[in-house]
Amino acid sequence: MITDNNLNNQLPKAIYSIFKELHILHYLRKAGITKAKGYSAGFLFTFIFNLVFEGKNFFQL
């Protein structure tokens, strides 16, 4: 299950600083990627991005 933590706690510090420097979440909002309810699109994007670079999948959580 995805824990309901702050976005800062979900990413390693190196990846979070890259996201912040490149304004990734800003460009996701600007591209019109939104959700009606539940977790935000930015949160889900960073969660899946983190899984890819840790070499894990949803079943290993």
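Q: Where does H23 lie?
A: H23 sits in the loop between α2 (13–22) and α3 (24–30). Helices here are DSSP runs (H or I, at least four residues), strands are E runs of at least two, and both are numbered from the N terminus. Keep in mind that this is a predicted model: local features need pLDDT of at least 70, side-chain atom pairs count only at pLDDT 80 or more, and totals for chains, interfaces and linings use all residues. Residues are numbered from 1 along each chain as its sequence is written, and side-chain values use heavy atoms, with hydrogens and water left out.

Q: What is the phi of H23 near?
A: Phi of H23 is near 55 degrees, which is a positive value in a residue other than glycine.

Q: Why is H23 called partly exposed?
A: Buried means under 20% relative accessible area, exposed means over 50%, and partly exposed is in between (1.4 Å probe, protein chains only). H23 has 45%, so it counts as partly exposed.

Q: Which elements make up the protein chain?
A: From the N terminus on, they run α-α-α-α. That's four helices and zero strands.

Q: How much of the protein chain is buried?
A: Buried residues make up 21% of its 61 residues. The chain exposes about 5,000 Å², and carbon and sulfur atoms supply 61% of that; areas come from the Shrake-Rupley method with a 1.4 Å probe, and for residues only the protein chains shown count as cover.

Q: What makes F19 and F49 an edge-to-face pair?
A: The structure holds four aromatic pairs. Rings of Phe, Tyr and Trp (its six-membered ring) pair if their centres lie within 6.5 Å; planes under 30 degrees apart are stacked, over 60 edge-to-face, and the rest tilted. The F19 and F49 centres are 5.0 Å apart with planes at 70 degrees, so this pair is edge-to-face. It links distant parts of the chain, with F19 in helix α2 and F49 in helix α4, 30 residues apart.

Q: Which residues do ring pairs link into a cluster?
A: F19, F45 and F49.

Q: What makes T46 buried?
A: T46 is in helix α4, and its relative accessibility is 1%, so it counts as buried. T46 and Y16 are 30 residues apart in sequence, yet 8.9 Å apart in space, C-alpha to C-alpha.

Q: Why does F53 count as exposed?
A: F53 belongs to helix α4 (residues 41–54). Its relative accessibility is 58%, so it lands in the exposed class.

Q: Which residues does UniProt list as "transmembrane region"?
A: The unreviewed UniProt entry lists residues 36–53; such annotations may be inferred rather than shown by experiment, feature names are shortened, and positions follow the numbering used here. In the model, that span is 72% helix and 0% strand, with its end C-alpha atoms 28 Å apart.
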